[in-house]
4 protein chains.
Amino acid sequence: MKALVYNGPGDRSWDEVEDPTILAPTDGIVRIDTATICGTDLHILRGHVPETEPGTILGHEAVGTVEAVGSGVGGFKPGDRVLLSCISACGRCRYCKEGRYGQCLGGGGWILGHTTDGVQAEYARIPFIDNSAYRIPGQLTDEQVLFLADILPTAYETGVVSGMVAPGDTVAIVGAGPIGLAAILTAQLHTPGRIIAINHSDGRLVLAERFGADVVINNSEVDAVAAVMELTDGLGADVAMEAVGVPETFELATELVRPGGRIANMGVHGTPADLHLERLWIRDVTITTGLVDTGSITTLLRLIESGRLDPSLFATHRIALGDIEGAYDVFADSRNSGALKIVLCGEHSTSKPDQELAEAAAA
Amino acid sequence: MKALVYNGPGDRSWDEVEDPTILAPTDGIVRIDTATICGTDLHILRGHVPETEPGTILGHEAVGTVEAVGSGVGGFKPGDRVLLSCISACGRCRYCKEGRYGQCLGGGGWILGHTTDGVQAEYARIPFIDNSAYRIPGQLTDEQVLFLADILPTAYETGVVSGMVAPGDTVAIVGAGPIGLAAILTAQLHTPGRIIAINHSDGRLVLAERFGADVVINNSEVDAVAAVMELTDGLGADVAMEAVGVPETFELATELVRPGGRIANMGVHGTPADLHLERLWIRDVTITTGLVDTGSITTLLRLIESGRLDPSLFATHRIALGDIEGAYDVFADSRNSGALKIVLCGEHSTSKPDQELAEAAAA
Amino acid sequence: MKALVYNGPGDRSWDEVEDPTILAPTDGIVRIDTATICGTDLHILRGHVPETEPGTILGHEAVGTVEAVGSGVGGFKPGDRVLLSCISACGRCRYCKEGRYGQCLGGGGWILGHTTDGVQAEYARIPFIDNSAYRIPGQLTDEQVLFLADILPTAYETGVVSGMVAPGDTVAIVGAGPIGLAAILTAQLHTPGRIIAINHSDGRLVLAERFGADVVINNSEVDAVAAVMELTDGLGADVAMEAVGVPETFELATELVRPGGRIANMGVHGTPADLHLERLWIRDVTITTGLVDTGSITTLLRLIESGRLDPSLFATHRIALGDIEGAYDVFADSRNSGALKIVLCGEHSTSKPDQELAEAAAA
Amino acid sequence: MKALVYNGPGDRSWDEVEDPTILAPTDGIVRIDTATICGTDLHILRGHVPETEPGTILGHEAVGTVEAVGSGVGGFKPGDRVLLSCISACGRCRYCKEGRYGQCLGGGGWILGHTTDGVQAEYARIPFIDNSAYRIPGQLTDEQVLFLADILPTAYETGVVSGMVAPGDTVAIVGAGPIGLAAILTAQLHTPGRIIAINHSDGRLVLAERFGADVVINNSEVDAVAAVMELTDGLGADVAMEAVGVPETFELATELVRPGGRIANMGVHGTPADLHLERLWIRDVTITTGLVDTGSITTLLRLIESGRLDPSLFATHRIALGDIEGAYDVFADSRNSGALKIVLCGEHSTSKPDQELAEAAAA
């Protein structure tokens, strides 16, 4: 089969590789119908994720069809259409029993396209498939559910749920990249009174409004703390979310929040931040961090099914899976391409590449 | 009347001052029967709390008897025996309605002996007495309830409750001063599996065991992180509490906790700490800070009443209220005096000074 | 002044009575600008509420303007525009401190128009005004906030919050009278996947859809249990709410719910229901009852302010306060009049009677 | 092997039957070292549980040693010493993912000794062993953990946790049979202020005190409602638990609870109870029912390990597993034998039959 292989820093290729096979009784083999690329894949390619060894197939977000299952699999059978979670769950360790799958101690967690072969391929081996895949309701397209593999549950769980967004709350989100936008989208499920998006690019803020932000603040132009205080009678936001992953944005989030408020970190950080305990010790704040567990996929699926949630705004490009190398270029150049998420269309995808669509339209 | 007056940095005196009077309809006047001294009083005396102006009467922990109440007071009448909370609550602002009295926006919060006259005196004016004092069950002595004014609810609320200590948990407490000891004592109300006390003084660790620690670690001698990991199969503690107030101990607390665990800050900090987000972002931790609200006084009172909680271990010295100047010296020199909390006995206290007791015994 | 006086079963009149005066330092006197009538007022008139004595002024839902306050009042001053809660809260008893104002032990609870004079009058005395009234943001009309006095918080607190409605849930609401409709409206704040309304009148079900029900079931025609099971793969609803107040509807609610689900009683009951423990003991259900506390008013106000919640669908009629006797007739005959809630417009109301509007339009 | 076979109502025998074998890849075969008898086993024998077919091996509480595991088992290997839960969990259905194993939709739930062969035998097949058994820490005896198979988690989960027992609470427990006693024992983990046991037998109440009740009420002699009201200033208990399973005791529990309190049903009911909604609708009560999930076994194990919980008081008799028929007689005649739980000692049990101990002592 063909697969996108990481050959070491800066080097990837769409190669012919051996088909995956069942290695453990709890494995499933899934034909990949539709996949996508994550910012984390770019991190790996830059060589920033040393535990990913050259030769690994990348990708941890896909929709597919079960081809085969191991003898210990009870929840799926060949032919089932499934969403593949970015998190694998052994289902029997302490953390899995708590639903904290991201911290799985039994061989799961984030392993796909990281410490084992991933899903940017024609087929993939899915360890612990019983607890790591989700059946897709018949009427939903691949594209409608694809972003439940990672980005939506990540924002919803580590931002909205950990931040305990409640009806009427003022929510301030620092950063309007894909994860910040996903937080804007999913925060609306808890009906806050006001969502404030903060970014230093007007282009991103236009997007933030499109995803549902009520107020946007360009913090390269105005003092975000002063602006939020003015909107909140000097108290601060009920919830502040960090969606970038650098010390400055985290520290900004801690300044935006009211006494008794919550600061939810969503960003992936590489260096420490200053925690101003001399100011915060007395302010009753709660700070949360976390890797996604994807336990919310069931809930989010139901909401897509009932028309209450629509992630389709993320799909900026549709490209054939076989053209994944070009797709990486488009995604990496998001500043110019405007890419948020790229829908990689396999042969059996319910989506068609934009080019085909364009050609069909032209014909 | 007589009162302990702060005259500016390093200068205090037991002076004759004017009796307090009712200034607002929600005030009460309380005769102080028994009081105590807090580490925060020493901070003020060192000049570290600039908002406390010279001329202020110190003290925010006392038991007394109501002498008079304003026209708007409904819950107390002269003669009622009351515990005075270190936190005053207006009872009608947003925060008071949430029970977050420490953040009161209506003129309360920590004001006694801070921004208004306190309770180390023969009489005190208690603003918002309806929501700031607690009736004492008849059979309890002053000394049994005195430490509910501040130290016990502080440790219980900002450490045990915020840290969500649950049955079976491993709880690691960094620091075994009065607040750490109060956390050891009150954590037992939630039946953790194991309480680990960490301190660099063996003397403190002996006390920690007396208050209920199951394991003690002298971190001037052993690597506390390694020791906790060994006790917890390499995972870390379920809850880590910071009870000192310096960056090193806070950072240690963040290293002790398992993925999914809680870090509860109890210490009063003067400088920022490093928050190692490059390690913590993925570990699902929750960090809480907070000033005490004292809303737990009702619960703690019931537990003292039913014999389930006994704070008497804290009372290391009993000194006449009139000898408060000497009491400050004993308290400030805790290293030599072994003082944890000093019971200041007024004329009507249910406690008697140790000296009188000693003289009586000698007679 | 004029007021609607209950003269005993079946007898009410719009009488000249003495103006209210401040009786306690925590009282406020409020000029009534806009009021409404509750189904409970009809119950009292039928003589079903024996604790309401003849001579009592009825009404517990109004918007007004503060005229005077007692010496112990700190949160309001003359001229403040306020929403009056149907629940009075002393603010200092055990239940008020927990936010459970409906169970106030200090003289509050549901007293207005019940055990003390109410608000269907030109002026009203509001006991404990500090904790029983809410300042109205300037830009909101009386009509926008009027239904926050009782019906919206009742449905939201005892139905949606007690029923723990969560994103994606299937919610079944038995009864589509005003309280059921308010539950349909406010359940949407928690983004359930599907709201099912059950009633035996098609007219009510049309309204249910207008308020936001996704599925309506006429249970005089179809088997509601079978219909809900079919919609939920045989499991049942996540949450079932009872909004009628008779044993049959309560028992129906208990049959609609899935194992692990919640049954929230909102109805006012006069007789016992059968609780089928022989079926329910093993099904992990949670049943809640409750009187409204109105603590959610702050949240609901914010949501109206931000345009996320619009209760205006309830206002079916606007009648001058002076014509309240006719308004009672219209309200009591809701089957023919189609009345949900009547806006009683005082002289200073931001609403105008329909008649005036019609005349103005005709002119 | 030998096993206790249910031959139909009133008929049981210790028979030679075929050894169990692995039927599914998720099965384990366990040698039974120590087992016990449950009141439910007596119900089956009386023919009250029609879904249990003649020929079924009874028993759902045991400690044993893994002999063999299926190909899909990852958490256990031959030689592991395990506690067998009364609840089997498929680990992958909606309910198992929520930790609500008792409601398992994937073939688990209460099946052992009910709808499939149980554990009162020399060997047993354990379906879904990965999520249905718990490794026993080396230093603990069989007897120390045996009652974690059912009775302790049942009382803790459906009584203490569902009833949300909190520090300082007044807890009233109606019924002092084994389940009521287990509730008394485990409620102490949450440090209530006072545990009140209610029963109509003085003998049971003596036991209740031994297990930790602070107050005992013989409700064949005194009015339990009046007694509880007197103890609680007329308010009622914070939590009332039903531990019998008949309408009268459930209705009593609903009368004992204060406004805002919780009623936790633990009993197995055969007939409906009256729910006095005409009194309860306004009282803010929460009623919970539920089958045990045994998810708390991990917590309870840790507490036994750390010496915080000691279930040994339940072990009134130790009888050889081969003498199980006599053991059933002793257990069924608890009134005369005083039996609470019988420890059935297999050949490899860490416990020895009382007879052997007596003989050894006599020798």
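In this predicted model, strand S14 (residues 286-288) of chain A pairs with S15(B) in the antiparallel sense over 3 bridges. Within this pairing, A:Thr288 has B:Thr286 of S15(B) as its bridge partner.

The contact between the chains draws 38 residues from chain B and 38 residues from chain A. Together, chain B and chain A bury about 3300 Å². Carbon and sulfur atoms account for 55% of that area. Across the interface, 4 salt bridges are found. One of them joins the side chains of A:Arg100 and B:Asp284, at 3.0 Å from N to O. Polar contacts link 23 residue pairs across the interface of chain B and chain A, with both residues at pLDDT 80 or more.

On the side of chain B that touches chain A, at least two residues each come from helix H2 (94-97), strand S13 (257-265), strand S14 (273-275), helix H9 (277-280) and strand S15 (286-288) of chain B. S13(B) gives the most, with 4 residues. By class, this side of chain B comprises 16 nonpolar, 12 polar and 10 charged residues.

Chain B also holds an open sheet of 3 strands, in the order S2-S1-S4, with antiparallel pairing. Strands S2 (11-16) and S4 (56-57) of chain B stand at the edges. Each has a single partner strand, so one side of each lacks a neighbour in the sheet. Strand S1 (residues 2-8) of chain B pairs with S2(B) over 6 bridges, in the antiparallel sense. B:Leu4 has B:Trp14 in S2(B) as its bridge partner. Helix H11 (residues 324-332) of chain B packs on this sheet and touches S1 and S2 of chain B. The direction of H11 makes about 155° with that of S2(B).

Note on methods
Residues numbered from 1 in each chain as written. Chains lettered and ligands numbered in written order. Predicted model: local features only at pLDDT ≥ 70, side-chain atom pairs only at ≥ 80, totals over all residues. Heavy atoms only, no water. Pairing = 2+ DSSP bridges. Contact = heavy atoms within 4.5 Å. Axes fitted to C-alpha atoms, helices over the stretch in contact; angles between N-to-C directions. Buried area = accessible area lost by both parts, 1.4 Å probe. Polar contact = N/O pair within 3.5 Å; in protein donor to acceptor, adjacent residues only side chain to side chain. Nonpolar A, V, L, I, M, F, W, Y, C, P; charged D, E, K, R; others polar.
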